[in-house]
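Dear colleague,

I am handing over the structure below, together with a written account of what was found in it. Please read the two side by side.

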Amino acid sequence: MAARVYRTTGIIIKRNKFGEADRLLTIFTADHGKLRAIAKGAMRPGSKLGGNVELLTHSQLMLARGRNLDIVTQAQALDIFLPMRDSLELMSCGFYLSELVDSFIEENVEDREMFELLLDTLRRLTETGDGERMVRFFELRLLGHLGYTPQLQKCANCDRNLRPETNYYNPAQGGVLCRECGYSDMSAGTISVNAQKVLRLWQRSDIATAGRVKLSTELAREIKGILRDNVRYLLEKQLKSIDWLDRLAGDSSLNCDKAVTQNSNGSQE
Amino acid sequence: MNPDFLPSARPISRLIEELNKLPGIGPKSAQRLAYHLLQTPPERTRDLAEAIIAIKQNLRLCSTCLNITDTDPCGICADGTRDTTRICVVEEPIDILPLERTKKFRGLYHVLHGVISPGDGIKPEDLHIRELLDRLNSNSIIEVILATNPNAEGEATSMYIQRLVSPLGIRVTRLARGLPFGGDLEYADDVTLSRAMEGRQEMS
């Protein structure tokens, strides 16, 4: 029989009120994947769990197996990502990352690689203050990890090598399409040479290198649009925190998303 | 009807079922309360029933601060002795009670009725932030005190409001975050301790 109490580390990706002062946590753990557990009394001031099980804290946890849900008996924060909490932009990236992970990751399946990626991303985001690029890198790697690595070297339809020119991108086809295939594809949008280069580089670089890639505002918007479309296609829904991110980024980036849709509409004609 | 409540007579089981819906009341407590009420004199149970009905019939939101009230403006907004140059922003009406208990704040309140929570799709326009800005524009306010809860969503909401209010030239303050009275350093979390260290004060 499995031990009644077990120890792991995890990142709190969601927490709901549960009863009067308890919290229902969704924890992405290093050893047991995503799981849900109760933190009793966590909402009371002075609770020794309290801040150690706050959203987006990386904590050392002791859990006791319960009949339905496990119970957090002890928690000690390992990393609280404090600079992230002082910045509305970074915290909002954090909200988005946690929603992304919660939407894509299955419960109770160990996924060490994904856990490390989330932890690395949060650390980098906190150290560099660069939320935008870290989130994009995370999205691309998440897609790859789930088995949806975008095809960026060859046309996803005809398998011919891609020429260094503006091509097309269609999440449903699994990546970049050459001009010939893309032109007739109703749901494909365009992708610039530079966006293809950046995505290729990110696919094989580590997070530190990824953070050094310089992106113009325009290029950043293009890549954001492409990766978001891809995420939305796979989830078959828009994540709730996206509206908020767009609002923070100001109206200009809202227009950018429209531009991406216009592009894909444009190719329909 | 829920089979848990069936063995009792019908009016009793209905009451048990209703009580069971209240927070913190399980089926056993609901049963105990129901049988207790059965033995209480009729005028006492009528008082209770009327009190419950009255909160729905007579209460509304104060048109100024959006606190729950039976008069408009509410008791606090109508109180001429209060400092009308300071507004304390809270998440929920219930947050006003502990602040009033301290007797440390004599200004006015503003209730947001929620916090920004991107993951749940709760956006600024779902809260009463617009009404706060209207108050700031039309009155001589010198300070806005942000008293949202010290958690991820509460902090995000405070940072967002700060961004909107600061350009108006109004002082924006945030409730201090530190160690709870009667607490224990050993069990304090790192965020609280960091904030407590940052916000340390000279003893005089």
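This is a predicted model: local features need pLDDT of at least 70, side-chain atom pairs count only at pLDDT 80 or more; totals for chains, interfaces and linings use all residues.

Residues are numbered from 1 along each chain as its sequence is written, and chains are lettered from A and ligands numbered from 1 in the order in which they are written.

For chain A, the domain assignment (bounds come from an automatic or database assignment) gives domain 1 as 5-83 and domain 2 as 130-266, and the C-alpha centres of these two domains of chain A lie 34 Å apart. For chain B, domain 1 covers 3-58 and domain 2 covers 68-177 + 184-198, with 36 Å between their C-alpha centres.

In chain A, five strands close into a barrel in the order E1-E2-E3-E5-E4, with mixed pairing; helices (H or I, at least four residues) and strands (E, at least two) are DSSP runs numbered from the N terminus, and two strands pair if DSSP finds at least two bridges between them. Neighbouring strands of this sheet are turned by 50° against each other on average, direction ignored. Strand E1 (residues 5-18) and strand E2 (residues 22-29) of chain A are joined by eight bridges in the antiparallel sense, and A:Asn16 has A:Leu24 in E2(A) as its bridge partner. Helix H2 (residues 88-104) of chain A packs on the sheet, where it touches E1 and E2 of chain A, and its direction makes about 110° with that of E1(A); axes are lines fitted to C-alpha atoms, for helices over the stretch in contact, and angles run from 0 to 180 degrees between N-to-C directions.

A second sheet of chain A is open, with three strands in the order E7-E6-E8 and antiparallel pairing; its edge strands, E7 (175-177) and E8 (189-191) of chain A, each pair on one side only. Strand E6 (residues 167-170) of chain A pairs with E8(A) over three bridges, and A:Tyr168 stands opposite A:Thr190 in E8(A).

In chain B, strand E5 (residues 143-146) runs parallel to strand E3 (residues 86-90), joined by four bridges, and parallel to strand E6 (residues 171-174), again through four bridges. B:Ile87 stands opposite B:Val144 in E5(B), and B:Ile145 stands opposite B:Thr173 in E6(B).

Finally, the contact between the chains, where residues are in contact if their C-beta atoms, placed from the backbone, lie within 7 Å, takes 22 residues from chain B and 26 residues from chain A. On the side of chain B that touches chain A, helix H7 (152-165) and helix H8 (190-198) of chain B each supply at least two residues, and the largest share, five residues, comes from H7(B).

With best regards

Technical notes: Two residues are in contact if their C-beta atoms, placed from the backbone, lie within 7 Å.
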